[in-house]
Amino acid sequence: MGANRCAVVGVGQTNHTTVRADVSIAGLVREAVDRALESAGMTLADIDAIVIGKAPDMLEGVMMPEMWLTDSLAASGKPVFRVHTAGSVGGSTAIVAAQHVMSGIHKRVLTVAFEKQSDGNAMWALSVPTPFGVPVHAGAGGYFSPIIRSYMRRSGAPAHIGAMVAVKDRTNACKNPYAHLHEPDWTLEKALETPMLWDPVRFIETCPSSDGAAALVMVSEDVADTMNVPKAWVHSTAMRSEPTMFAGRNQVSPRAGELCAEDLYRKAGITNPLEEIDVCEVYVPFSWFEPMWLENLGFAPKDHGWRFVEDGVTEMTGKLPFNPSGGVLSTNPIGASGMIRFGEAAMQVMGLAGEHQIDGAKKAMGHAYGGGSQFFAMWIVGSEKN
Amino acid sequence: MRDVGIVAFAESQLTYGTTNTPVEMIVPTVNEVLKNAGIERTEVDFWCHGSCDYMTGQPFSFVAAVDALGAWPPIIESHVEMDGAWALYEAWVKIQMGEANVALVFGNGKSSAGDMNRALTLQQDPYTVAPLWPGLTAMEGIGACAALQAGTVTERARRDGAKNGNVLVSGSESADELLSRAVTSAPFRDHDLPAMADGVSAIIIAAGHAAKRIAKRPAWIRAIDHRIDHQNLGWRDLARSTSAAIAASEVGVHNDKVDIAELHTTFSHHEQLLINALQLRTDATRITPSGGALVGNALMAAGLSRFGHAARAIFDGTADRAVAHAQQGACLQQNIVAVLEGN
């Protein structure tokens with residue numbers, strides 16, 4: 001990595017639910033920011049620069065809302081930077097913020113990502129017909145279900161795998177006080193009885209619509225060394241992009257995701273990710289993306305991701321827990337979801353994950369993807385300096 | 001810090017009312033900047049794009065732009081919902097941390113796709129200001145009333161614009177002639193307003209050796225900084241641009257003579273505010289010789305174009321030390337300033 005080390009010293013997220021009518025957008029953002037600053041023992045006055053991310057502005061109807069949020073974040077006179085890389089944005093934003101520190105430009109950077117879906121209509125905003133473009137009109141579920149069917153056909157995965165992932169994530173979410181959905185009584189049988197939304201994606205296998213925000217405080221090594229708080233050292237970051245569609249594109253396991261993971265492991269000095277990484281917070285908005293990403297990220301051999309799920313490898317008690325927080329399947333404030341993954345990964349190596357803590361987690365992965373499975377952002381954080 | 005220089009610049013012919021899609025708009029300019037640099041796209045380590053969904057009226061409008069880049073095999077790429085000048089900033093950060101050596105940044109905007117005076121209102125407080133639909137021109141009018149400097153500024157912008165073949169409007173009226181025209185939106189006459197445009201701007205920046213290999217005389221980015229102000233117009237002294245002044249001070253604009261300054265002036269009164277904020281001496285510094293955004297304002301690209309024109313003056317030896325500036329938001333809310341040097 002670059003010449004300078006960077007540590008996460010503060011993590012905060014909101015309580016998530018379908019409608020946070022008790023707060024404005026600014027209030028929602030501050031809830032996450034204040035919690036992150038409190039865990040770092042800092043205030044807004046300590047912050048050198050702020051990096052803000054969110055998904056399309058049309059989800060709330062505020063154009064470039066970071067300009068309006070300036071005063072809510074006491075940012076007047078400071079640098080404020082806005083990232084937007086589709087669904088991967090929460091991850092990309094954390095990476096851009098980390099790089100503000102790793103480059104040596106700033107010492108104390110605050111990053112925040114949010115979505116207040118209840119202020120608008122995401123299903124509408126994601127389905128606006130575009131001239132000369134392919135009309136989707138089906139939201140994300142309609143877009144991704146054919147790709148999932150393709151995965152099932154290629155890998156021979158049995159039909160209940162998706163429901164297994166969903167039950168695991170919803171059960172994990174009950175251990176996470178910030179998760180949107182707290183539904184303790186799911187069984188595989190009950191999950192398989194939920195309505196089919198976009199074949200093969202059932203109701204339980206899809207993410208909720210959430211209002212929420214997440215924030216991280218990142219500092220340079222010299223600052224971190226003076227702080228008596230838990231730290232997550234950023235071991236590596238990586239991003240990759242590829243076009244949405246072209247003939248022969250592998251949409252099940254996009255090349256951009258594979259390359260991003262390879263680059264990430266190389267820079268973190270990881271040669272055997274399955275053995276060396278203790279826990280993953282991976283962007284799984286539809287249950288079947290867990291086995292698909294297990295393969296794409298190099299944890300499972302091709303066509304074997306579903307066997308990992310069936311064997312319990314990704315359970316909290318398994319060899320490689322996936323989404324002990326409950327993941328995107330339990331909480332999805334779109335633009336913030338990636339940053340929650342990155343933040344939850346940090347919390348695991350900081351030992352701050354409470355009931356969903358994986359004992360002894362030393363290295364964790366945060367992952368986000370966006371667009372038509374074409375934008376990838378990932379990081380590895382560790383309890384020790386890289 | 002690593003030495004990083006601007007090594008190539010291209011901007012499209014500005015139009016109003018193009019029927020091209022964003023991808024069709026972007027491809028020629030990206031190709032042109034690569035050609036100007038004399039490099040292949042495979043030599044670009046990092047790509048960064050600045051655009052705004054509200055220009056095209058569709059969410060995720062930048063996603064298709066990846067198609068314009070030849071992103072196969074996959075590329076390292078990012079996007080900011082900001083003027084392309086901030087895409088350049090992100091690329092500069094990437095190069096500083098050693099993640100890239102050569103970066104291509106671009107901004108594109110299609111102002112003709114909607115009523116930008118109305119659309120830009122949506123940047124304001126969504127609970128108390130935006131529902132009143134004040135319109136950008138009215139908000140800028142409040143700023144202009146606070147700091148009115150009309151006529152002569154615009155005359156120069158139009159005259160210099162005539163020399164930049166890409167601009168939308170040009171002319172040779174005198175200040176007196178301009179000031180005799182009707183006020184169209186108090187206190188503005190038509191020539192005080194930006195000529196809204198559709199266009200694309202692209203720049204390649206490179207580190208040390210790569211920069212020297214690509215360009216005969218790179219425009220070295222000696223310092224770059226960006227700052228934001230309060231949004232609420234009532235909380236600011238609109239006769240000054242505080243954030244521009246902080247950014248200019250951080251990069252040391254006034255530490256030495258400035259040969260040219262490319263200022264992102266979208267309303268004519270901005271020029272004097274920025275000259276004051278950057279502490280420029282108009283007897284020693286040519287101000288916005290490209291004509292600037294008053295003669296062609298392709299939103300999300302126009303700021304990056306200022307960086308390109310400032311760099312061009314270094315490339316061709318017209319300037320040894322240049323200042324590039326871009327801004328966004330009502331009444332110069334957010335500003336980015338860089339010092340470029342040839343030596």
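This is a predicted model: local features need pLDDT of at least 70, side-chain atom pairs count only at pLDDT 80 or more; totals for chains, interfaces and linings use all residues.

I started with helix 9 of chain B, where B:Ser243, B:Ala244, B:Ala245, B:Ile246, B:Ala247, B:Ala248 and B:Val251 are buried. For me, buried means that 20 or more other C-beta atoms lie within 10 Å of a residue's own, exposed means 12 or fewer, and partly exposed falls in between, with C-beta atoms placed from the backbone. Helix 9 covers residues 242–251 of chain B and is mostly covered, with seven of its ten residues buried. Helices (H or I, at least four residues) and strands (E, at least two) are DSSP runs, numbered from the N terminus.

What covers those buried residues? I found that the cover includes strand 6 (219–228), helix 10 (270–277) and strand 11 (334–341) of chain B.

Residues are numbered from 1 along each chain as its sequence is written, and chains are lettered from A and ligands numbered from 1 in the order in which they are written.

Next I looked at a helix pair in chain B. The axes of helix 3 (residues 84–96) and helix 11 (residues 302–315) of chain B come within 6 Å and cross at roughly 65 degrees. Axes here are lines fitted to C-alpha atoms, for helices over the stretch in contact, and angles run from 0 to 180 degrees between N-to-C directions. Helix 3 of chain B brings B:Gly84, B:Ala85 and B:Leu88 to the contact, and helix 11 of chain B brings B:Gly303, B:Leu304 and B:Phe307. Two residues are in contact if their C-beta atoms, placed from the backbone, lie within 7 Å.

Then I turned to the domains of chain B. The assignment gives domain 1 (4–115 + 196–214) and domain 2 (134–191 + 221–341); such bounds come from an automatic or database domain assignment. Their C-alpha centres lie 22 Å apart. I noted 32 residues of domain 1 of chain B in contact with 23 residues of domain 2 of chain B. Strand 5 of chain B gives the largest share of the domain 1 side, seven residues.

How many residues of chain A are in contact with chain B? I got 50 residues of chain A, against 50 residues of chain B. On the chain A side, helix 3 of chain A supplies the largest share, five residues.

For chain A as a whole, I listed 14 helices and eleven strands. Buried residues make up 63% of its 386 residues, and the C-alpha trace spans about 55 × 45 × 45 Å along its principal axes.

Last, some backbone details. A cis peptide bond joins A:Asp199 and A:Pro200, with omega about 10 degrees. The bond from B:Trp72 to B:Pro73 is cis too, with omega near 0 degrees, and B:Pro73 is in the loop between helix 2 (53–56) and strand 3 (77–80) of chain B. A:Ala86 has a positive phi near 65 degrees, and A:Ala86 counts as buried because 24 C-beta neighbours lie inside 10 Å. B:Gln279 has a positive phi near 55 degrees, but B:Gln279 is exposed, with 12 other C-beta atoms within 10 Å.
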